[in-house]
Amino acid sequence: MVKRPRRLRGSENLRRMVRETRMDPHSLIYPMFVMEGQDKKEEIPSMEGQYRYTVDRMGECLQELLDAGVTSVMLFGIPKVKDEVGSQAYAEDGIVQRAVRYAKEHFPQIYVITDVCMCEYTSHGHCGVLCDHDVDNDETLKLLAKTAVSHAQAGADMVAPSDMMDGRVAAIREALDEAGFQKIPIMSYAVKYASAFYGPFRDAAGSAPSFGDRKTYQMDYHNSREGVKEAMLDEEEGADIIMVKPAMSYLDMIVKVKEMVDTPIAAYSVSGEYAMVKAAAKMGWVDEERILGEMAVAVYRAGADVYLTYYAKELARMMKEGKIG
Ligand code: PBG
């Protein structure tokens, strides 16, 4: 036998020499929930180990991230009041705007990305304004653009629209540029499927739609060419980073999209992925650390450059300890 693949698996040194996937904690983004109120840190029931922080307590989390080697966060806001048009999404003193100001003032070394969407802020829980029981695409664009500008004004380093309206990247780019924020990049949740994996997040953010579902704007998971179309459209509209979401069951889309666009690719391992691992680990059925490491490596192996995960801290530590690439 001339070809013996096992020859390259003979020792840890050799395996690490020929490893194909290498990772760096700087590519990790930690999604974080901020809420109104004072001096509170609440555990999210469906996401054990994840919390909602009031602005005055978010420093604890940011410090832990820095200590672990995670340097980027994505902020999600939970407002006190919701209304038909999601006014708190673009209010100057809205929850995300205040959280951004706090983070940039006290932790300037952290890169702050904001999720731009309406669903946490609307009384009906949909990702835009309604017209006849459906989300009005073009009316929503104006509010998304306004939200993105207000985040940038608060000091956000990057904005990430997750609403799935057509044309939102172009609308946000134009508004940011007009307001003088030409340097603020847009990470587009371009390839976002209507997924049951978001269940725990909607608990965490109180953002489940009060009627219907999100299938008129998020994508049908039977489709892959449509995902490529979304990615290419957003790239044309000026997206700087293209995201695939969820991650675990959509690795094929990471591979495909990576071939078709020239931007860095991000993948978001969503709340349901986190909750499944947590629950199985709690039962003693899987080894949590090994599972989360394997899930992360799979995402990078598929081609992701950036990884959003609730396990960012744990992963950064594992990377530093050499447990994974
Ligand atoms: C808001 C948004 C959602 C997620 C990120 N941004 C929820 C949704 O689309 O219903 C999901 C994140 C997760 O499940 O971890 N539009």
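I began with glutamine 218: a polar atom of its side chain lies 2.9 Å from an oxygen atom of the ligand. A reminder to myself that this is a predicted model.

Next I checked how much of the ligand is covered. On its own the ligand exposes 400 Å², and the protein buries 100% of that area. I then looked up where the ligand sits, and the place is the largest cavity.

I went on to the neighbours. There are 18 residues around the ligand, and those that come nearest are Lys192, Arg202, Lys245, Ser271 and Tyr310. I sorted the shell by type and found ten nonpolar, three polar and five charged residues.

For arginine 202, a polar side-chain atom lies 2.6 Å from a ligand oxygen. For lysine 192, an N or O atom of the side chain is 2.7 Å from an oxygen atom of the ligand.

Which elements supply at least two residues each to the shell around the ligand? I noted strand E9 (187–192) and helix H6 (199–205).

Then I left the ligand and turned to salt bridges. The structure holds 17 of them. I picked one to follow: the side chains of arginine 98 and glutamate 36 meet at 2.5 Å, N to O. Where in the chain do these partners sit? Arginine 98 belongs to helix H3 (residues 95–106), while glutamate 36 is in the loop between strand E1 (28–35) and strand E2 (41–43). The two are 62 residues apart, and the pair links distant parts of the chain.

Key
Residues are numbered from 1 along each chain as its sequence is written. This is a predicted model: local features need pLDDT of at least 70, side-chain atom pairs count only at pLDDT 80 or more; totals for chains, interfaces and linings use all residues. Side-chain values use heavy atoms; hydrogens and water are left out. A residue is near a molecule or strand if one of its heavy atoms lies within 4 Å of it. A polar contact is a pair of N or O atoms within 3.5 Å; within protein, one must be able to donate a hydrogen and the other to accept it, and residues adjacent in sequence count only if both atoms are side-chain atoms. Accessible areas come from the Shrake-Rupley method with a 1.4 Å probe; for residues, only the protein chains shown count as cover. On a 1 Å grid over the protein atoms alone, a cavity is a set of points where a 1.4 Å probe fits but cannot get out, and a pocket is an open set with protein on both sides within 12 Å along at least five of seven lines; lining residues have an atom within 4 Å of a point. A molecule sits in a cavity or pocket if more than half of its atoms lie within 2 Å of its grid points. Helices (H or I, at least four residues) and strands (E, at least two) are DSSP runs, numbered from the N terminus. Ala, Val, Leu, Ile, Met, Phe, Trp, Tyr, Cys and Pro count as nonpolar, Asp, Glu, Lys and Arg as charged, and the others, Gly among them, as polar. A salt bridge is a side-chain nitrogen of Lys or Arg within 4 Å of a carboxyl oxygen of Asp or Glu.
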